[in-house]
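Here is a short report on how the chains of one assembly meet. Keep the structure open beside the text as you read.

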6 protein chains.
Amino acid sequence: MREISIETGVTRHAEGSCLIRCGGTHVLCTATLEERVPPFLKNTGLGWVTAEYGMLPRATHTRMRREAASGKQSGRTQEIQRLIGRALRAGVDRSALGERQITIDCDVIQADGGTRCASITGGWVALRLAVNKLIKAGDIVSDPITDHIAAVSCGIYAGQAVLDLDYLEDSEAGTDSNFVMTGSGALVEVQASAEGSAFSRGQFDEMYGLAESGIAALVKAQKAATS
Amino acid sequence: MREISIETGVTRHAEGSCLIRCGGTHVLCTATLEERVPPFLKNTGLGWVTAEYGMLPRATHTRMRREAASGKQSGRTQEIQRLIGRALRAGVDRSALGERQITIDCDVIQADGGTRCASITGGWVALRLAVNKLIKAGDIVSDPITDHIAAVSCGIYAGQAVLDLDYLEDSEAGTDSNFVMTGSGALVEVQASAEGSAFSRGQFDEMYGLAESGIAALVKAQKAATS
Amino acid sequence: MREISIETGVTRHAEGSCLIRCGGTHVLCTATLEERVPPFLKNTGLGWVTAEYGMLPRATHTRMRREAASGKQSGRTQEIQRLIGRALRAGVDRSALGERQITIDCDVIQADGGTRCASITGGWVALRLAVNKLIKAGDIVSDPITDHIAAVSCGIYAGQAVLDLDYLEDSEAGTDSNFVMTGSGALVEVQASAEGSAFSRGQFDEMYGLAESGIAALVKAQKAATS
Amino acid sequence: MREISIETGVTRHAEGSCLIRCGGTHVLCTATLEERVPPFLKNTGLGWVTAEYGMLPRATHTRMRREAASGKQSGRTQEIQRLIGRALRAGVDRSALGERQITIDCDVIQADGGTRCASITGGWVALRLAVNKLIKAGDIVSDPITDHIAAVSCGIYAGQAVLDLDYLEDSEAGTDSNFVMTGSGALVEVQASAEGSAFSRGQFDEMYGLAESGIAALVKAQKAATS
Amino acid sequence: MREISIETGVTRHAEGSCLIRCGGTHVLCTATLEERVPPFLKNTGLGWVTAEYGMLPRATHTRMRREAASGKQSGRTQEIQRLIGRALRAGVDRSALGERQITIDCDVIQADGGTRCASITGGWVALRLAVNKLIKAGDIVSDPITDHIAAVSCGIYAGQAVLDLDYLEDSEAGTDSNFVMTGSGALVEVQASAEGSAFSRGQFDEMYGLAESGIAALVKAQKAATS
Amino acid sequence: MREISIETGVTRHAEGSCLIRCGGTHVLCTATLEERVPPFLKNTGLGWVTAEYGMLPRATHTRMRREAASGKQSGRTQEIQRLIGRALRAGVDRSALGERQITIDCDVIQADGGTRCASITGGWVALRLAVNKLIKAGDIVSDPITDHIAAVSCGIYAGQAVLDLDYLEDSEAGTDSNFVMTGSGALVEVQASAEGSAFSRGQFDEMYGLAESGIAALVKAQKAATS
């Protein structure tokens, strides 16, 4: 598992923010609080948590085209930001949040594998800090955050299950997986995909075991950053 | 498990085609063979299998806006078609295919839950038929298809693991998962997502067991359709 | 004239639907009823009938790029769907329909010439069935459909006027025309276009005569399908 | 029939240009000659004539949104520019033109009905002038222009066939038609459309007769402008 | 300085219009008056003046792609239309205008350098005429136009400051500048840009001096056109 | 003048990078070197320097919509990135650079006024570092960078010329200007714009004087960061 660092309060304007570093992967996460919800939630009493994901053009080895310039977000970007939003909502009681929207922006400053997992783990910290502000201000009574949400990647690399792949390992892994879990170890999302050849139930279970230990370390880092 | 039917040869022009019906979900799958590959594969000797997914506007209970009219494919559409392509490639030896591209189009005529799984299962049949043509014509020597690929959805519905959810069950399921497997039972892709509350390892394992039996039935139907 | 078949009730969700086959051209037509009208008709007491047209990517000899993927509908698609909507509205008393919108989706499953004509003829059947439902439910009192609407193509092929061109004939025809008429033989839309050389008044009249007989056969098939 | 005026040589850069005025409808037509053809014509020895159509935002009674700002050309614009190109090609021997492309831009400065017809009639003049330049320069030997092409609108207004409708008449006409003919009176394109109620064969014939006389007047004006 | 001509009342529908010719640069400017303001000005009592800029495809030596066809306005177009709007607003008391919007459309018919400056100078005339109409109709009491606004370009060409560059001079100038001033000689906007090598304070001052004389001539032409 | 800090080497992959902080405005600048040039420079022996500009959605007080999500770069973004590229090219001998392209990405992490000026000043540092690498590697012989390029904003705030406006000052300034200069004090670009009322020659000169002192301080900081 690569070294984790979570620095909070890194931008002046956001209601919550952190810069999470998982090895060479650095993601800036900000939470924006708005006193409005999307149309489909009006007058339901429920809040909304959503996420957007981006990469600076030179976060990667070779420069990638800026999505704003190409005029659309790639399928990969959309897939990732849908995942982040879904994952974070699994740890929120939207009725306790009330009719408010919190948008988590995850912008990758430097990429070295596992950017979607770092975005979820760091995004939760930004969310936690924004909600803390709401509670401190007396705007909400009971804490809508029900548990930690963190994510880690695993893979089958050179025939063996490995945790928290960097870019090189990820490129060569035969299977690539992401586990999103709560602080109490329940599953929120599992994605495992054979990049080359299919994988066995045993290999899946090995990855699962590694993920559990990784998530525990990430949740500890989240606690340190937000306490 | 809902009734499965796979009717082949349903359109005149495609190199392979079928109409797959899983209960009320009907998907038209066609395979298009082209003697060219995407730029990144030129002069590598490797072929490519890719997929596109669409829904007729009135495949659903209420009419959905036509994506061609709105000017872009939704994040959901892109996520699904990336999944279909990735899944089918896991059952293909791209070197044996040679520098050819096969595009699988999956168009949902009528939707009642599980459209991405039906697309994978039916898409494999269209792919199989197109490759058969190549073999019969003597254009390739060794069969590039290494195994069956099929997919089925599971969920936690009313506290219990269920197989092959229809639309109503899917809407109310607390957890939603898709399993893609080979004919020999190896895993190709696992996606499990908590729609409401997180799920346990035990629940995941239950879904896994159901999926294995479902896949077996689907592979049997694929064999009947292509033999 | 190629063989016509109209199968109704082919999809579960639409208020009206049919699969029309004119020789090798197969079009799925669905009618969607909505209790709202476009902004420019609000509070006018008038209803609206509109149409959208699409082709499955492999409806044709070689695969065409999916319009949802290319990000816009071609000029040809827009021209055709504007024609279908205009043609069907010519057979509807929009005041008797009341402030409702009916959207006719015409999706070409397999193409062999004359897809826009088949869409109009089949679209009318879907419209008729949806309106029948409204009448049966007592939602409207007097029938807003004033007459049948059907369409057929003609051309000058090898110097001679021919009816209902298939793809090959159409590609080689020197003049291409579409006639839309009512059940009582009045003209709704005429489009005739010199593909190669200009045509004479006499040739136009010959096509007109053929079209009249073709329309009569199509209206008969519509009657059989909806009675 | 409204007064026609065709002023040539109105812009400095175009290979051919004119400002055509049909009553209150003013269209600036320019011809651009390029020594290249679209990909599908390379090495065929054939040339190409194509057209684009636009309206200045305040050519109309109320300002229309600029298509460049809305990010796409409307279906109407595309339909019209396809018609103009098709019509002009009917009067060109593309083999005599050789592998060159001539683009006719028709920009409506002021609109009062019949803009597509004025574009065709004026577009032909711009085309004629550009081809004259080619001939004078000795770049082509035999004249590729085989005949005049002109267009006029007709309608059924207040129960009676009328020629060359202005905006007010057009808005209230029950049937709207456009006739494109050659200088020798052959038909190039006929479009007739019931705006309200269907029309009879007799009414169509009346419009046809009026169109013939209108085209004769337009061709005379073209001759005056280009001789 | 090239010859200036400003012809007013050139289109029938606009509330104000002119065709301004600065040498070979011809721009059609129209003013559209609407009794509404953009959302951010609702209930502020303030009006708005905005501008759009376009070039006919063959206004230039070689044909430029139509922006409506390419699906977006270029950065250059957006920069110019933002400048025109900002410049004209500097001469308007938006409170005296009241909650109305005036849109100035500047469409370049023929380009020979200085199109943005001609657009500002001609745009002011169209604005003046539209406001005159409002005053005559008694819709506003006190004149919202506080001063003339005109613009002229300068450059360092062959080492020397020159006024009102045409296209050839502009292409070869080492520095290119635009000065927007009021009728009383105050500065509204200054843009000076080194195209090749940096320029000195002295060179800037020389251009400034030339611009003052050019603006005086333009304001005189505006007065002649609107009195 | 606000405090300036320039931290170099902040991202692992870029050929040159810095994080520039001008008070509360923080911009990450990276330089990407590619051994290719845009088509219009092929075989000319000349290199190219270009720039792209972006803002993280929550760099500002209230969240701005992500340009990648809205599908296009705003006019403001395009205007700024064109300015940055033009400014940096004024300090580069493109013939000495050879047929290479350097892309400067300027991404605003936190905004508090003057982001385009900080982007130019920081962008030059990233460019300097990337070119240093080329020289060290022996890929180019003579230094293509001819001088420092730096930029600072000025304004007329409360009737008085002020240097380096922050967001609040900028919002309330009557005139807003940006000066881009070389290290030797020559002018590269001047943009001054009346936001409310026009400004006098004397006020412009006052801003100019302030800018000269500001640029000197920025160039000193550039030297410290790159020596």
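## Ground rules

Helices (H or I, at least four residues) and strands (E, at least two) are DSSP runs, numbered from the N terminus. This is a predicted model: local features need pLDDT of at least 70, side-chain atom pairs count only at pLDDT 80 or more, and totals for chains, interfaces and linings use all residues. Residues are numbered from 1 along each chain as its sequence is written, chains are lettered from A and ligands numbered from 1 in the order in which they are written, and side-chain values use heavy atoms, with hydrogens and water left out.

## A site from the record

Helix α2 of chain A covers residues 75-89, and Arg76(A) lies in it. UniProt, in an unreviewed entry, gives the feature "binding site" at Arg76(A), Gly114(A), Thr115(A) and Arg116(A). These positions span 41 residues in sequence, yet no two of their C-alpha atoms are more than 13.3 Å apart, so they gather at one spot. The UniProt positions follow the numbering used here, feature names are shortened, and annotations may be inferred rather than shown by experiment.

## Chain A meets chain F

Contact means heavy atoms within 4.5 Å. Chain A puts 37 residues into its contact with chain F, and chain F puts in 36. Together they bury about 2,800 Å², with 49% of it on carbon and sulfur atoms. Buried area is the accessible area (1.4 Å probe) that two parts lose on being put together, summed over both. On the chain A side, His13(A), Arg58(A) and Arg66(A) supply 27% of the area buried against chain F, more than any other three residues.

A salt bridge is a side-chain nitrogen of Lys or Arg within 4 Å of a carboxyl oxygen of Asp or Glu. The rule finds 14 of them between chain A and chain F. In one, Arg66(F) pairs with Glu52(A), the closest N and O atoms being 2.9 Å apart. Which elements of chain A each supply at least two residues to this side? They are β3 (25-34), β4 (48-55), α1 (67-70) and β5 (101-110). β5(A) gives the most, with six residues.

## Chain D meets chain C

This contact takes 26 residues from chain D and 27 residues from chain C. The buried area is about 2,300 Å², and carbon and sulfur atoms give 48% of it. In chain D, Glu79(D), Leu187(D) and Arg201(D) lose the most area to chain C, together 24% of what that side buries.

The rule finds four salt bridges across this interface. Arg82(D) and Glu79(C) meet in a salt bridge at 2.7 Å, N to O. On the chain D side, α2 (75-89), β9 (187-194) and α6 (201-226) give two or more residues. β9(D) gives the most, with eight residues.

## Strand to strand

Which way do the two β9 strands run, parallel or antiparallel? Strand β9 of chain C (residues 187-194) and β9(D) run antiparallel, joined by five bridges. Two strands pair if DSSP finds at least two bridges between them. Ser193(C) has Glu189(D), in β9(D), as its bridge partner.

Chain A and chain D make no contact, and their closest C-alpha atoms lie 12 Å apart. Chain C and chain E do not touch either; their nearest C-alpha atoms are 10 Å apart.
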